[in-house]
Amino acid sequence: PYRIEGREFADGKTFRLYGNGMDRDTWRRSNVDSIIVKLSKAIKEENKYCKFGISPFGVWRNASKDPEGSITGAHQTNYDDLYADILLWLKNKWIDYVAPQLYWEFGHKIVGYEVLIDWWATHAYGRQMYIGQGIYRALEPKSYAWKNKNELPNQIKLIRDYPQLSGSIFFSSATFARNPNGWTDSLRNNYYRYPAIPPPMKWIDSVKPQPPVIVPDFSKGKLFREKIDLYMQQDSAVRNINRYVVYRFNDSDAHNINDPKNIADIRLSGNNLYSFDLRSIPEAQQRVIITATSLTSTNNESAPGKMITLERKPGGWLLQNGN
């Protein structure tokens with residue numbers, strides 16, 4: 001719990017019984033550490049593929065208390081007031097990801113967003129880091145900085161400048177229903193136009209699955225006019241494959257599955273049919289190439305399956321090759 005002025009957390013009796021010579025702050029942190037490590041072990045014993053993460057308060061410690069801390073002046077911090085030594089949990093690999101709650105704006109005098117972004121980016125210790133962003137602040141009457149339409153987009157831009165940062169987590173998703181500053185629309189159109197695959201956590205699982213077999217539906221012939229139905233199938237059963245990623249390329253040269261603009265669809269493995277609307281292809285385009293990959297629950301992606309090529313012909317599209 002956060003500190004409340006004039007009140008002390010009532011753990012005095014327990015501390016006297018179990019303090020074991022520690023000062024109370026160290027004892028409190030030790031208790032929280034014990035919860036985290038036991039929870040981590042219990043989760044992994046139940047399901048080794050489950051991802052365990054923590055979303056802490058945005059300031060670990062101020063530099064005035066610890067040279068490793070951030071150049072901030074937070075009135076409360078994880079380490080000194082919440083007894084949460086998040087850096088210890090990262091260093092000891094007890095958690096898989098961290099999502100610090102950086103719900104402040106650029107230029108904040110005490111806890112500047114840009115200051116904390118830089119600090120957290122250098123303290124990931126090999127674990128994934130997603131920045132918690134406070135879109136709800138735009139609905140607060142006196143949060144004047146959050147009335148600036150560029151505040152949130154600029155925050156996202158800064159995150160993308162740091163390779164150590166894997167993305168964003170917004171608090172809260174319900175805020176998007178009110179479209180503050182038009183962000184619900186502008187983020188969709190400008191920053192999240194294409195689907196994305198979260199990066200795999202290789203310490204959990206690094207095994208790539210086999211690519212799927214792509215089977216076109218020839219029940220109506222081999223010349224396709226309005227659409228083509230493609231089925232993704234696995235030659236071998238892999239328990240943790242849960243999605244197929246369909247890629248569409250407009251020519252025979254740029255088969256880059258690392259560019260999200262080439263993702264046509266991400267489908268759950270239980271729905272392995274992809275219907276491609278051929279009428280959406282520009283009239284000037286003469287060829288389209290389609291392939292797919294298999295994706296595990298831990299986001300390990302297979303190599304692409306065999307690519308199929310459709311050529312424009314009088315009256316429709318002809319499948320040139322395929323599985």
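## Reading a predicted fold, step by step

User: Let's start with a pair of strands. Which residue in E8 is the bridge partner of Val215?

Analyst: The bridge partner of Val215 in E8 is Tyr231. Before we go on, keep in mind that this is a predicted model. Now the general idea: strands of a sheet pair through backbone hydrogen bonds, either parallel or antiparallel. In this case E6 and E8 (residues 227-233) run antiparallel, and 4 bridges join them.

User: In what order do the strands of that open sheet come, and how are they paired?

Analyst: The order is E6-E8-E11, so to read across the 3 strands you pass from E6 through E8 to E11, with antiparallel pairing.

User: Which are the edge strands?

Analyst: They are E6 (213-216) and E11 (273-277), each of which pairs on one side only.

User: Can we try another strand? How many of the residues of E12 are buried?

Analyst: 9 of its 10 residues are buried, so E12 counts as mostly covered. The general point to remember is that in a regular strand the side chains alternate between the two faces of the sheet. As for its partners, E12 (287-296) pairs with strand E9 (residues 241-249) in the antiparallel sense, over 8 bridges.

User: Now for the inside of the model. Which residues touch the most other members of the largest nonpolar core?

Analyst: Ile86, Ile95 and Ile117 do, in a core of 34 residues. The elements that give two or more residues to this core are H2 (24-46), H3 (78-82), H4 (86-91), H5 (113-121), E4 (128-133) and H6 (151-159). H5 provides the largest share, 6 residues. Take Ile117 as your example: leaving out residues up to four places away in sequence, Ile117 touches Leu102, Ile131, Leu158, Ile159, Tyr162 and Leu165. Apart from this core lies another one, of 18 residues, and among them are Ile214, Phe224, Ile228 and Leu278.

User: How do I read a helix such as H6? How many of its residues are buried?

Analyst: 7 of the 9 residues of H6 are buried, so this helix is mostly covered. The buried ones are Glu151, Leu152, Pro153, Gln155, Ile156, Leu158 and Ile159. Among the elements that cover them are H5, E4, E5 (167-170) and H7 (183-191).

User: How do the axes of H6 and H7 lie to each other?

Analyst: They come within 11 Å and cross at roughly 35 degrees, and the crossing is right-handed. H6 makes the contact through Glu151, Leu152, Pro153, Ile156 and Lys157, while H7 uses Trp183, Leu187 and Tyr191. By class, this contact has 6 nonpolar, no polar and 2 charged residues.

User: What about backbone angles? What should I expect in general?

Analyst: Most residues other than glycine have a negative phi, and most peptide bonds are trans. Now look at Lys93, which is not a glycine but has a positive phi of about 60 degrees. Lys93 lies in the loop between H4 and E2 (97-98). Asn299 is not a glycine either, and its phi is positive too, at about 70 degrees. Asn299 is in the loop between E12 and E13 (308-313).

User: Which residues does Lys93 touch, not counting residues up to four places away in sequence?

Analyst: It touches Tyr125, Gly126 and Arg127. Lys93 and Gly126 are 33 residues apart in sequence, and 8.6 Å apart in space from C-alpha to C-alpha.

User: And which residues does the cis peptide bond join?

Analyst: The cis bond joins Phe171 and Ser172, with omega at about -10 degrees. To find the spot, go to the loop between E5 and H7, where Ser172 is found.

Technical notes: Residues numbered from 1 in each chain as written. Predicted model: local features only at pLDDT ≥ 70, side-chain atom pairs only at ≥ 80, totals over all residues. Heavy atoms only, no water. Core = buried A, V, L, I, M, F, W, Y, C linked by side-chain atoms within 4.5 Å. Buried < 20%, exposed > 50% of the residue type's maximum accessible area, 1.4 Å probe, protein only. Contact = heavy atoms within 4.5 Å. Axes fitted to C-alpha atoms, helices over the stretch in contact; angles between N-to-C directions. Left-handed = near helix turned anticlockwise from the far one by under 90°. Nonpolar A, V, L, I, M, F, W, Y, C, P; charged D, E, K, R; others polar. Pairing = 2+ DSSP bridges.
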